[in-house]
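Below is a report on one protein model, written for use alongside the sequence and the coordinates.

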Amino acid sequence: MLESLSSKLIYTLFALLLLLSASFIGFALWKTPMFLQELNQRLNLELADNIVKEKNLMINTQVNHEAMQSVFMGLMLVNPVIEVYLVDTQGKLLAYSAPEGVVKRQTIDLVPVQKFLGKNQHFPVLGNDPRDLVGDKVFSAAAIYDQNNLQGYLYIILGGQAYDSVIELLHSSYMLRIWISAVVVSFLIALIAGFMMFRHITSRVHLLAAGMEKFKQNDFQQSIELPQRFDGRGGDEIDQLGSTFHEMSERIIHQVKLLQNNDTSRREMVANVSHDLRTPLASLQGYLETLKLKVDQLSDEQRQDYIEIAYKHSKRLRKLIAELFELSTLENQDAPLHYESFSMSELVQDVSQKFRLEAENKGLILSAAISTQPAFVRADIGLIQRVLENLIENAIKYTPEGGRVSVSLIIGEQTITTQIADTGQGISDEDMPHIFERFYRVEKHRNLDGTGLGLAIAQRIMQLHNSTIEVQSETNLGTTFSFPLPHSKS
């Protein structure tokens with residue numbers, strides 16, 4: 001519980017509020033005495049001046065004791081803690097209202113008095129307390145003149161109280177008690193409100209954490225249902241984090257499935273490669289062993305047949321290994337393409353001519369319908385030639401004797417589409433989704449020579465060109481392969 005995010009936030013809030021409250025209260029305790037002194041001094045700012053105006057306290061630098069006694073008695077009745085002092089121009093005490101024996105200073109510093117009488121004073125202004133050798137108090141003062149001659153000063157200590165402890169200050173200041181009470185109440189309200197707010201905010205984080213943990217326990221293979229607030233449509237950073245996690249989990253699940261499927265495909269490919277390699281290798285080894293063991297028993301014709309068969313199997317092995325290497329290179333994401341502009345019609349003509357003899361030997365008609373319009377495309381000519389060779393070779397292989405294989409170009413506004421059509425038995429709906437898979441061959445054609453990689457290589461080449469091979473086929477009517485390439489200026 002102590003390690004939860006909400007607990008840490010609450011403890012942090014508590015510490016911050018406590019520090020803030022303590023700082024405020026400490027500042028108030030420090031400043032309150034100064035505030036009380038300033039208030040007292042401002043309230044009695046004109047006290048000494050009013051007395052001087054009403055009473056003639058000094059005559060020819062001599063103290064008017066009758067007037068002073070009247071002032072003493074009047075102020076004693078109004079405020080017993082006020083102390084009145086009459087000082088000369090040097091700060092020496094001439095008369096005072098304090099009892100005998102309590103006055104410890106006979107001279108006061110006049111600098112605070114002159115500062116008090118100045119126009120730009122900042123309150124509170126503290127002056128010497130004659131009853132204390134080290135203490136200072138707030139006061140009221142006024143200059144005494146006789147015919148424009150300075151006679152002395154009326155110096156009134158306002159009875160500013162010195163607090164020996166915080167308890168005394170609290171007992172003496174009602175406003176301070178109100179402020180501290182307000183701080184304590186505000187502290188509690190802020191703490192409760194912060195607790196509720198943090199619990200509300202962190203509840204979503206808790207939901208996310210629980211969802212992530214459940215996702216982990218499910219081995220990253222099962223999607224986690226999150227509240228609708230995490231749908232990514234607005235919200236704050238936590239809602240966006242939930243939406244991002246949901247998308248990330250879906251992508252991880254998809255990637256895991258792809259990895260599983262790829263692993264399955266890899267296992268199947270290894271099995272198919274092993275099978276396709278083992279068969280010609282076994283035949284090749286068998287014929288070579290026969291030649292080795294019975295070289296003297298075989299006729300020249302038999303030896304020649306065995307050599308031809310062994311050579312045929314070696315060619316099949318070489319072709320299979322070459323196509324495996326080619327497909328592996330093409331499936332590399334960084335497979336380089338060498339783009340150039342070339343005439344698609346010339347390439348079709350050249351490749352068709354290459355297979356014309358093979359088609360005639362099988363009793364097929366191979367035709368190339370070439371348009372007279374310019375048919376320039378921009379692509380990797382070597383790879384596109386490979387696609388044409390694979391598709392034409394595949395059409396010849398699966399078209400029976402007497403059939404026809406035709407290659408044509410369809411020139412559109414933005415693309416040039418190459419079509420290879422045959423009159424073979426076609427591809428069934430069951431086999432259609434798998435024809436571009438590696439090593440896949442229709443069951444009824446298993447006895448035909450081939451590696452099962454030709455169409456996979458052709459499709460991968462077109463994917464690298466941001467295109468694809470489309471297939472249309474009807475059973476017993478034939479199949480048409482087509483692929484588009486964008487126009488290019490010659």
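Glutamine 147 is exposed, at a relative accessible area of 73%; exposed means over 50%, buried under 20%, and partly exposed in between, with a 1.4 Å probe and protein chains only. Its phi is near 55°, a positive value in a residue that is not glycine. Glutamine 147 sits in the loop between β6 (136-146) and β7 (149-157). Helices (H or I, at least four residues) and strands (E, at least two) are DSSP runs numbered from the N terminus. The model is predicted: local features need pLDDT of at least 70, side-chain atom pairs count only at pLDDT 80 or more, and totals for chains, interfaces and linings use all residues. Residues are numbered from 1 along each chain as its sequence is written, and side-chain values use heavy atoms, with hydrogens and water left out.

Asparagine 466 also has a positive phi, about 55°, although it is not a glycine. The residue lies in the loop between α11 and β13 (470-474) and counts as exposed at 72% relative accessibility. Most residues other than glycine have a negative phi, and most peptide bonds are trans. Phenylalanine 123 and proline 124 are joined by a cis peptide bond, with omega about 0°. Proline 124 is in the loop between α4 (111-117) and β5 (126-128).

## Chain totals

The protein chain has 11 helices and 14 strands. Of its 490 residues, 36% count as buried.

Among contacts with a separation of 6 or more, 65% are between residues 24 or more positions apart. Contact means heavy atoms within 4.5 Å.

## Nonpolar cores

The largest nonpolar core has 42 residues, and Met344, Ile384, Ile420 and Phe483 have the most contacts inside it. Such a core is a set of buried Ala, Val, Leu, Ile, Met, Phe, Trp, Tyr and Cys residues joined through side-chain atoms within 4.5 Å. Elements that each supply at least two residues of this core include α8 (300-330), β11 (404-411), β12 (415-422) and β14 (478-486). The most comes from α10, with 8 residues.

Beyond its neighbours within four places in sequence, methionine 344 is in contact with Ala375, Val377, Ile384, Leu388, Leu409, Thr418, Phe483 and Leu485. A second, separate core of 22 residues includes Leu47, Val63, Leu75 and Leu86.

## Helix packing

Helix α9 (residues 344-361) packs against helix α10 (residues 381-397) at an angle of about 35°, with the axes 10 Å apart. Axes are lines fitted to C-alpha atoms, for helices over the stretch in contact, and angles run from 0 to 180 degrees between N-to-C directions. Residues in this contact include Met344, Leu347 and Phe355 in α9, and Ile384, Leu388 and Ile392 in α10. By class, the contact of α9 with α10 has 11 nonpolar, 2 polar and 4 charged residues. Ala, Val, Leu, Ile, Met, Phe, Trp, Tyr, Cys and Pro count as nonpolar, Asp, Glu, Lys and Arg as charged, and the others, Gly among them, as polar.

Helices α10 and α11 pack at about 145°, with their axes 9 Å apart. Among the residues making the contact are Leu383, Ile384 and Val387 of α10 and Leu455, Ala458 and Ile461 of α11. This contact of α10 with α11 has 9 nonpolar, 3 polar and 1 charged residues.
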